[in-house]
Amino acid sequence: MTQTVAVLGTGKIGEALLSGMIRAGWRPADLLVTARRPERAEELRTRYGVESVSNAEAAKRADTLILTVKPQDMGKLLDELAPHVPADRLVISGAAGIPTGFFEERLAPNTPVVRVMTNTPALVDEAMSVISAGTHATAEHLLHTEEIFGGVGKTLRVPESQQDAATALSGSGPAYFYYLVEAMTDAGILLGLPRAQAHDLIVQAAIGAAVMLRDSGEHPVKLREAVTSPAGTTINAIRELENHGVRAALIAALEAARDRSRELASGNG
């Protein structure tokens, strides 16, 4: 790795990305970080051996800038960076709902921008990072972005027009599963199981089902049917899920998340 990469606004996702890059072979000497609080900057420097710098210094020195601040803070950060970012810098945004055009309008003409929506399983190297090119980003820029985010999971390229849908499905996706596990744990308690046992049963079932979906290549309907015997327990449970409109509720929930992503993109935060 010969390029210098700076992670700006290094919170949980930024730190996960930083640690993943180091595990993937990046030298700490080639990595810069910025943080709002001095004690946070010192924590990152001590933990990873990277250099903590100001946002302006990162813009001047790094070949690639990864912006991981919250969407509502992005405009202020770009105002601070703009005077210091040459047009040959690659700018990678991890902010939900903000289109690449927002960055291109505020930075030097022809600045390459790549938009990425990752998710919190980056903390355990199981992220899904969805990547879209801005107007001036080349195939090389996309490959470089995949190299960075591949350290914390899988990557997928999509047209930017699909980013709001990807945010709803994948960016927010882990929360839906946590919500279902929470509900199923409560059900297990209602059925007489201790909370810890109910939790362990459900988590392992979720892990096993996810691995089967990933590795078998089978359609989820076929895998579900393999568990659903005639007049058995599973089909009775599925009937109640359908009676309560769970499928329709999930579709409506994802549509609501997509619409909120669009609102963020239009500045209605």
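Q: What makes the second largest pocket count as a pocket, and what is its volume?
A: In this predicted model, the second largest pocket has a volume of about 1,100 Å³. A pocket is defined on a 1 Å grid over the protein atoms alone, as an open set of points where a 1.4 Å probe fits, with protein on both sides within 12 Å along at least five of seven lines; the volume is the space filled by probe spheres set on the points, which are joined across faces, edges and corners.

Q: How do you know which residues line the second largest pocket?
A: Lining residues have an atom within 4 Å of a point, and 43 residues line this pocket, of which Gly-9, Thr-68, Val-69, Lys-70 and Asp-73 lie nearest its centre. Among the elements that give two or more residues to the lining are helix H1 (12-23) and strand E4 (64-67), where helices (H or I, at least four residues) and strands (E, at least two) are DSSP runs numbered from the N terminus.

Q: Why is Phe-177 called exposed?
A: The relative accessibility of Phe-177 is 58%, and exposed means over 50%, buried under 20%, and partly exposed in between (1.4 Å probe, protein chains only), so Phe-177 counts as exposed. Phe-177 has its place in helix H8 (residues 173-190).

Q: Why are Arg-40 and Glu-43 separated by about one helical turn?
A: Arg-40 and Glu-43 are three residues apart in helix H2 (residues 38-48), which means that about one helical turn separates them. They form a salt bridge, with the closest N and O atoms 3.4 Å apart, and both belong to a network of salt bridges that also links Glu-15 and Arg-47.

Q: How do you know whether Arg-40 is buried or exposed?
A: The relative accessibility of Arg-40 is 12%, so Arg-40 counts as buried, while Glu-43, at 31%, is partly exposed.

Q: What applies to the numbering and the values used here?
A: Residues are numbered from 1 along each chain as its sequence is written, and side-chain values use heavy atoms, with hydrogens and water left out. As this is a predicted model, local features need pLDDT of at least 70 and side-chain atom pairs count only at pLDDT 80 or more, whereas totals for chains, interfaces and linings use all residues.

Key: A salt bridge is a side-chain nitrogen of Lys or Arg within 4 Å of a carboxyl oxygen of Asp or Glu.
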